[in-house]
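Work through these exercises with the model open. Each has a task, then a solution in steps.

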Amino acid sequence: MIDIRQLDLEKDRRIIITSDIHTNLPLFKRLLEKVEYSTEDYLFIVGDLCEKGQDSLSTIAYVRELSAQSDRVFITKGNCDVVHDYVFNNVEGVKNYMTQRKDSILNEMLAAQGKSLEEFASLDELGQFYLTHYRDEIEWLNSLPIAYETNDYILIHAGIENIQNWKETTYEVALYTPSFYEKGHQADKIVIVGHWPTVNYRANTVSSNNPVIDLENRIISMDGGNRIKRDGQLNAILIEGEEISYTYVDDLKEQVVYATHTDKTGRIGTVTYPNYELKIIREEPFFTLCENKTLGIEQWIKNEFIQDGVCKGDISTTMLSVREGETVSIVHDQCEGYVLVKKGDGTVGWIPKKCLSPEVQIRKAVAGDEQQIADVCIDAQWATYSEIYDKSYIEGVIEKFYTPARIRQEIMETSEEWNGYFVAVQNGKIVGAIGGGMIDAKVAEVFVLYLDPTMRGQGIGSKLLSYLTDIQKQSYGAEEQWVSVTKGNGKGIPFYEARGFVKMEERMSYESRPEDQAVSLRMKRKL
């Protein structure tokens with residue numbers, strides 16, 4: 001039978017429970033500070049001190065020190081704490097594991113002694129190395145129990161079997177069983193587990209890594225996805241008398257919300273391991289409605305995370321509301337139009353980027369703006385055309401049109417044919433630029449319009465186009481406006497079409513050569 005140790009806890013002491021630290025020692029220390037841990041508390045760590053990071057040995061040493069300081073500290077084994085068993089049990093697959101998992105404690109032990117896996121002819125030889133140098137750490141890990149049982153709780157890493165006598169649970173189930181919350185159990189106590197990230201249970205509910213506390217079904221699941229999920233966190237369960245609560249810490253950067261946003265879509269959910277296969281239902285500018293083939297549910301997935309009918313990893317499909325002055329944590333901000341955030345209550349979802357950005361101002365470019373304009377135009381060139389043109393053509397365009405020296409000259413020398421550059425400025429930084437001029441009586445053209453690629457989808461391009469258009473109409477009497485858009489530009493063409501431009505013809509791009517195969521669509525609209 002598995003090693004289960006009985007505990008009789010004092011009723012008036014607080015109980016703090018965490019799991020799945022995964023070598024994130026700084027975060028663990030922050031968690032202890034946040035809950036104001038003292039040796040008067042009971043502290044349980046329900047497995048997985050090790051793996052997923054580069055500091056397993058230091059984490060073990062620190063936890064052992066905590067245990068030495070107080071007889072109220074209790075640690076159970078997790079599956080990631082016994083990876084050395086694969087070596088001692090001569091499981092050849094451990095070599096592949098070590099090759100793929102550079103952050104494994106097995107590699108950390110080797111590196112600390114200046115060794116590498118290739119230097120060992122057999123697993124027996126490798127095992128002897130570990131015992132020679134790390135016998136104390138290995139024996140301490142081996143000495144940890146599988147579970148603790150108190151009057152009210154069973155604390156075990158992965159779960160117990162759904163059988164009448166839970167103590168007959170196998171070692172494999174105790175340390176490795178997935179999705180324990182979905183299986184249930186027959187024990188008469190609350191079972192507290194880690195191991196399976198709680199967000200995996202939230203495919204069709206508001207996305208978060210918060211603990212699942214289900215007292216009716218006598219399960220608390222608390223793995224917050226630390227070191228595993230991009231929005232992961234280290235959770236703590238706090239038990240004081242009859243009251244059960246939780247808190248968490250994470251490594252995300254915080255930011256203050258500038259503008260209130262109220263979500264009206266009601267979209268919720270999460271795409272999580274292993275349910276990534278999709279059927280596309282309807283694509284929209286920022287999100288696509290998909291059927292999750294495994295789960296049979298519909299989810300709105302951010303377009304950038306969809307590739308060849310598969311979601312490229314775990315991602316929230318929840319939309320959130322935020323208020324001005326609220327602090328959120330940034331999970332992912334490299335998509336168009338929306339940013340993925342975590343609110344203070346742990347919910348994770350998408351909000352418009354404009355919520356986190358001060359107002360964008362449009363003004364005429366002045367001397368000194370040339371470097372920032374060049375940076376925006378160059379970044380946009382690569383982001384827009386890298387899959388359309390070859391590298392040499394893009395480099396040639398940049399060298400000819402987007403050097404700071406040329407842009408400075410075009411800032412200083414304006415005319416009816418070249419109205420100059422106009423820029424979008426946010427927080428003192430130029431995030432977009434537009435330029436144009438008159439090509440005939442009452443006929444205007446947009447020659448250049450580029451945005452910082454990370455700022456797309458926030459209405460900045462529309463503001464720049466409207467600003468230039470007003471100047472061309474009011475100052476030069478424009479009644480018609482043209483633009484050339486590269487054929488195959490999947491972002492530029494829809495942008496102009498949505499603003500009334502109509503395709504008129506195709507021609508070679510300005511100053512291109514036949515061998516460049518650079519084709520532009522000539523588009524126009526009435527003003």
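Predicted model: local features only at pLDDT ≥ 70, side-chain atom pairs only at ≥ 80, totals over all residues.

**Exercise 1. Nonpolar cores**

Task: Determine how many residues the largest nonpolar core has, and which element gives the most to it.

Solution: 
- Recall the background. In soluble globular proteins, nonpolar side chains tend to be buried together.
- Count the members. The largest nonpolar core has 42 residues. F28, L126 and Y130 have the most contacts inside this core.
- List the contributors. Elements giving two or more residues include the helices α1 (25-34), α2 (56-69), α5 (105-112) and α6 (123-143). The strands β3 (42-46), β4 (73-76) and β10 (234-240) are also among them.
- α6 gives the most, with eight residues.
- Inspect L126. Leaving out residues up to four places away in sequence, L126 touches V87, M98, L110, L117 and F120.
- Look elsewhere. Another core of 25 residues lies apart from the largest one. Its members include Y385, V397, I411 and V425.

**Exercise 2. Salt bridges**

Task: Find the count of salt bridges, then classify D250 and K342 as buried or exposed.

Solution: 
- Take the total. With a side-chain nitrogen of Lys or Arg within 4 Å of a carboxyl oxygen of Asp or Glu, the count comes to 33 salt bridges.
- Examine D250 and K342. Their closest N and O atoms are 3.0 Å apart.
- D250 sits in the loop between β11 (243-249) and β12 (253-256), and K342 in strand β21 (residues 338-342). They are 92 residues apart, so the pair links distant parts of the chain.
- Check burial. D250 is buried at 8% relative accessible area, and K342 is buried at 1%.
- Take a second pair. E284 and R282 form a salt bridge with closest N and O atoms 3.3 Å apart. E284 is partly exposed at 29%, and R282 is partly exposed at 40%.
- Take a third. The side chains of E505 and R507 meet at 2.7 Å, N to O. E505 is partly exposed at 32%, as is R507 at 43%.
- Find a network. Salt bridges with shared partners join E10, R13 and E40.

**Exercise 3. Surface and distance**

Task: State which residues make the nonpolar surface patch of about 230 Å², and how many Å apart G459 and N96 are in space.

Solution: 
- Name the patch. Y86, V91 and Y176 make it.
- Locate V91. V91 is in the loop between α3 (84-88) and α4 (93-100). V91 is partly exposed, at 34% relative accessibility.
- Locate G459. G459 lies in the loop between β26 (443-451) and α12 (460-476). Its relative accessible area is 33%, hence partly exposed.
- Read the separation. G459 and N96 are 363 residues apart in sequence. In space, C-alpha to C-alpha, they are 49 Å apart.

Methods:
Residues numbered from 1 in each chain as written. Heavy atoms only, no water. Patch = residues over 30% accessible without salt bridge, like charges linked within 9 Å, V, L, I, M, F, W, Y side chains within 5 Å. Areas by Shrake-Rupley, 256 points an atom, 1.4 Å probe, with all protein chains shown as cover. Helix = DSSP H or I, 4+ residues; strand = E, 2+ residues; numbered from the N terminus. Buried < 20%, exposed > 50% of the residue type's maximum accessible area, 1.4 Å probe, protein only. Core = buried A, V, L, I, M, F, W, Y, C linked by side-chain atoms within 4.5 Å. Contact = heavy atoms within 4.5 Å.
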